[in-house]
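Subject: The structure I promised you

Hi,

Here is the structure we talked about, ready for you to open alongside this email. I would be glad if you could take a look while you read.

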Amino acid sequence: MAEDWRSEAFRRKVIAQIDEAVRMAATPMTKSSMEMENHVFLKAKTREEYLALVARLILHVKGISKYLLL
């Protein structure tokens, strides 16, 4: 059975992934990884929606760094 996406442990793992993307981007962000995850968490109604929004967020963070390198 999959871990509950609303659990603190699951959310901590997601925050760590966002944190890693921010570190790799080496771009200052206006919000912390925890704030970004919380925004996504409050917006999502299902696990699938939550994971899709997190994926889009991470891709966005990675995209910002690529844009700034041009």
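Below is what I found in it, from the overall layout down to single side chains.

Please keep in mind that this is a predicted model.

**Overall layout**

The chain has 3 helices and 0 strands, and from the N terminus on the order is simply α-α-α. Along the principal axes, the C-alpha atoms occupy a box of roughly 45 × 20 × 20 Å. Of the 70 residues in the chain, 33% are buried. If you look at contacts between residues at least 6 apart in sequence, 54% of them join residues at least 24 apart.

**Helix H1**

H1 contains 18 residues, and the distance from its first C-alpha to its last is 25 Å, close to the 26 Å expected at 1.5 Å a residue. Its buried residues are Phe10, Arg11, Val14, Ile15, Ile18, Ala21, Val22 and Ala25. Viewed down the helix axis, these buried residues of H1 fall within an arc of 135 degrees, so they line one face. The face turned away from that buried side carries the exposed residues Glu8, Arg12, Arg23 and Met24. Just after H1, you will find Ala26 with a positive phi of about 50 degrees.

**The core**

The largest nonpolar core has 17 residues, and Ile18 and Tyr50 have the most contacts inside it. Helix H1 (8–25), H2 and helix H3 (47–69) each supply at least two residues of this core. Setting aside neighbours within four places in sequence, Tyr50 is in contact with Trp5, Phe10, Arg11, Val14, Glu37, Val40, Phe41 and Ala44.

**The Arg11–Glu37 pair**

Is Glu37 buried or exposed? At 1% relative accessibility, Glu37 counts as buried, because the cut-off for that class is under 20%. Arg11 is buried as well. Glu37 sits in helix H2 (residues 33–43), and its contacts beyond four places in sequence are Arg11, Val14, Ile15, Ile18 and Tyr50. Both residues named in the core section for their contacts, Ile18 and Tyr50, therefore touch Glu37.

Arg11 and Glu37 form a salt bridge, with their closest N and O atoms 2.7 Å apart. Arg11 lies in helix H1 and Glu37 in helix H2, so this pair ties together parts that are 26 residues apart in sequence.

**The other salt bridges**

The whole structure holds 5 salt bridges. One of them joins the side chains of Arg6 and Asp4, at 3.3 Å from N to O; Asp4 is partly exposed, with 38% relative accessibility.

Another links Glu20 and Arg23, at 2.9 Å from N to O. Both of these residues lie in helix H1, 3 residues apart, which is about one turn of the helix. An α-helix has 3.6 residues a turn, so residues three or four places apart point the same way. Glu20 is partly exposed, with a relative accessible area of 36%, whereas Arg23 counts as exposed at 54%. Salt bridges that share partners join Asp19, Glu20 and Arg23 into one network.

If you have time for one spot, I would start with Arg11 and Glu37, where a salt bridge is made by two buried residues.

Best wishes

Notes:
Residues are numbered from 1 along each chain as its sequence is written. This is a predicted model: local features need pLDDT of at least 70, side-chain atom pairs count only at pLDDT 80 or more; totals for chains, interfaces and linings use all residues. Side-chain values use heavy atoms; hydrogens and water are left out. Helices (H or I, at least four residues) and strands (E, at least two) are DSSP runs, numbered from the N terminus. Buried means under 20% relative accessible area, exposed over 50%, partly exposed in between (1.4 Å probe, protein chains only). Contact means heavy atoms within 4.5 Å. A nonpolar core is a set of buried Ala, Val, Leu, Ile, Met, Phe, Trp, Tyr and Cys residues joined through side-chain atoms within 4.5 Å. A salt bridge is a side-chain nitrogen of Lys or Arg within 4 Å of a carboxyl oxygen of Asp or Glu. The expected span of a helix is 1.5 Å times one less than its number of residues. The arc is that of the directions from the helix axis to the C-beta atoms.
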